[in-house]
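Keep the sequence and the structure in view while reading.

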Amino acid sequence: MIRRRAFAALFLAHLLVAFQAAPAAADVKTGTFSIVAYDSVTQELGVAVQSKYFSVGTAVPWAEAGAGAVATQASVNVSLGPEALALLRTGMPAADVMRALAAADTLWDSRQVGIVDARGHAVNWTGKRCLDWAGGETGPGFACQGNILAGPSVVANGQGVP
């Protein structure tokens with residue numbers, strides 16, 4: 001058992017040294033992007049997220065059947081997800097939920113949030129203090145948002161896709 005632990009520790013140390021020594025590519029963007037969506041046919045809600053951050057699924061995506069879906073990212077405030085769902089549960093529209101979250105958050109300019117309610121109304125926010133490139137797209141039943149990305153085509157509604 002001690003040999004396994006020593007080997008595992010040595011192996012991890014080797015990986016850390018190799019990772020730190022690897023050249024960084026200036027043009028490589030490794031940020032976060034997410035989508036919240038509503039299917040008007042099935043009335044299902046969903047949220048998906050991709051990020052360089054380990055265990056991002058415990059902080060960014062929030063959804064509840066009959067209420068809505070929320071993605072909160074950038075300088076993540078984990079409480080925004082449950083707070084948004086609680087407001088959506090009361091029937092509050094997505095845009096009003098976004099305004100309520102903004103009014104109560106002193107670091108709002110460093111956040112990104114996407115919300116879709118159970119009627120398919122969608123809204124997103126990108127604060128001016130998010131890391132470049134950051135932005136989002138909203139359309140009928142969906143909101144996409146991303147930060148530290150290659151550019152707006154990553155979240156664009158069908159634009160920039162060959």
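How many bridges join strand β3 to β4, and do these strands run parallel or antiparallel? In this predicted model, β3, residues 61-64, is joined to β4 by four bridges, and the two strands run antiparallel. Within this pairing, P61 stands opposite A71 of β4. The hairpin formed by β3 and β4 has three residues between its strands, and G66 adopts a positive phi near 80° there.

Strand β4 spans residues 68-74 and is mostly covered, with six of its seven residues buried. β4 also pairs with β5, residues 111-117, through seven bridges in the antiparallel sense.

Next comes the packing of side chains. In soluble globular proteins, nonpolar side chains tend to be buried together. The largest nonpolar core here has 14 residues, of which V70, L88, L101, V113 and I115 touch the most other members. At least two residues of this core come from each of α2 (80-89), α3 (94-103) and β5.

I115 can be followed in detail. Setting aside neighbours within four places in sequence, I115 is in contact with V36, A69, V70, L88, A94, V97, M98, L101, H121, A122 and V123. Another core, of eight residues, lies apart from the largest one, and its members include V36, V56, V60 and V116.

Definitions and conventions:
Residues are numbered from 1 along each chain as its sequence is written. This is a predicted model: local features need pLDDT of at least 70, side-chain atom pairs count only at pLDDT 80 or more; totals for chains, interfaces and linings use all residues. Side-chain values use heavy atoms; hydrogens and water are left out. Buried means under 20% relative accessible area, exposed over 50%, partly exposed in between (1.4 Å probe, protein chains only). Two strands pair if DSSP finds at least two bridges between them. A nonpolar core is a set of buried Ala, Val, Leu, Ile, Met, Phe, Trp, Tyr and Cys residues joined through side-chain atoms within 4.5 Å. Contact means heavy atoms within 4.5 Å.
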